[in-house]
Amino acid sequence: MTSTKRTLAEVEAEIASVKAQLESCRGSETEVYARIVGYYRAVRNWNKGKRDEFNHRKLFEVKETEEACVKEEMPAQKSLTLTKEEVKSETLVSAETDDWHYELFTRPGCPHCPPVQDFITNSELEGKSINVDTDEGMNLAAERGVFSTPTVIFYNSNGASLARAHTVDELLSLVKTQSTKCRMAQIA
């Protein structure tokens with residue numbers, strides 16, 4: 001095998017040729033939208049500081065093993081999930097809500113979704129989880145007016161939307177509201 005040695009002038013000529021080719025490349029500019037302070041806006045319209053911050057952002061996806069580690073390290077998050085026995089005692093599934101079912105809208109990288117998902121799956125309600133990162137999930141979310149994850153929509157047996165919740169606290173509030181309604185109905 002023989003290797004040919006190139007002169008410095010040949011290398012510089014090749015570099016100049018490649019640079020000329022790069023300058024003549026044409027394409028269409030891509031518009032990138034991202035969330036900034038509560039709403040979506042084109043990144044090219046952001047100020048210099050926000051654009052620099054955007055370039056340093058990292059996307060992540062929470063994996064099951066990582067979720068378990070996070071829950072073990074954060075005892076406050078552990079207390080947000082209820083066991084099936086606790087849910088029964090709180091009467092989320094009461095006489096008035098026996099026919100309720102739910103749709104839970106989530107995303108794989110959503111840091112707020114796991115506690116809500118744990119809570120709702122530990123309830124005695126029937127329902128399904130919908131990933132909004134899929135085309136089908138995004139279409140269903142748009143149809144239902146879901147703008148953030150997690151969102152839980154409760155329906156009755158007729159398919160009428162009864163309530164929405166976005167956090168475990170809202171779900172707990174809903175539990176207490178339904179328990180109170182049930183007790184009031186028993187008193188009357």
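A note on the ground rules before the details. Residues are numbered from 1 along each chain as its sequence is written, and side-chain values use heavy atoms, with hydrogens and water left out. Since the model is predicted, local features need pLDDT of at least 70 and side-chain atom pairs count only at pLDDT 80 or more, while totals for chains, interfaces and linings use all residues.

I will start with the aromatic rings. A pair of aromatic rings is described by the distance of the centres and the angle of the planes. Rings of Phe, Tyr and Trp (its six-membered ring) pair if their centres lie within 6.5 Å; planes under 30 degrees apart are stacked, over 60 edge-to-face, and the rest tilted. Searching the whole structure gives one aromatic pair. It is formed by W46 and F54, and because the ring centres are 5.4 Å apart with the planes at 85°, the pair is edge-to-face. For accessibility, buried means under 20% relative accessible area, exposed over 50%, and partly exposed in between, using a 1.4 Å probe and protein chains only. W46 is buried at 3%, and F54 is partly exposed at 24%.

Next, the charged pairs. Side chains of opposite charge can pair when their charged atoms come close. The rule for a salt bridge is a side-chain nitrogen of Lys or Arg within 4 Å of a carboxyl oxygen of Asp or Glu. How many salt bridges does this rule give? The count is five.

One of them joins E31 and R44, with the closest N and O atoms 2.9 Å apart. E31 sits in the loop between α1 (8-23) and β1 (33-36), and R44 in the loop between β2 (39-42) and α2 (48-56), so this pair ties together parts 13 residues apart in sequence. Helices (H or I, at least four residues) and strands (E, at least two) are DSSP runs, numbered from the N terminus. E31 is partly exposed at 35%, whereas R44 is exposed at 55%.

Another salt bridge is between R107 and D133, at 2.8 Å from N to O. It links distant parts of the chain, 26 residues apart: R107 is in the loop between β3 (101-106) and α6 (113-122), and D133 in the loop between β4 (126-131) and α7 (135-144). R107 is partly exposed at 43%, and D133 is partly exposed at 42%.

There is also a network of salt bridges linking E103, E143 and R144. Within it, the side chains of E143 and R144 meet at 2.9 Å, N to O.

That brings us to α7. Its buried residues include G137, L140 and A141. These three cover an arc of only 100° around the axis, so they lie on the same side of α7; the arc is taken from the directions from the helix axis to the C-beta atoms. The buried residues of α7 pack against β3 and β4, where contact means heavy atoms within 4.5 Å. On the face turned away from that buried side are the exposed residues D135, N139, A142 and E143. After α7 comes G145, with a positive phi near 75°.

Last, a loop residue. N156 lies in the loop between β5 (151-155) and β6 (161-165) and is buried at 16%. Leaving aside neighbours within four places in sequence, N156 is in contact with D99, H101 and L162.
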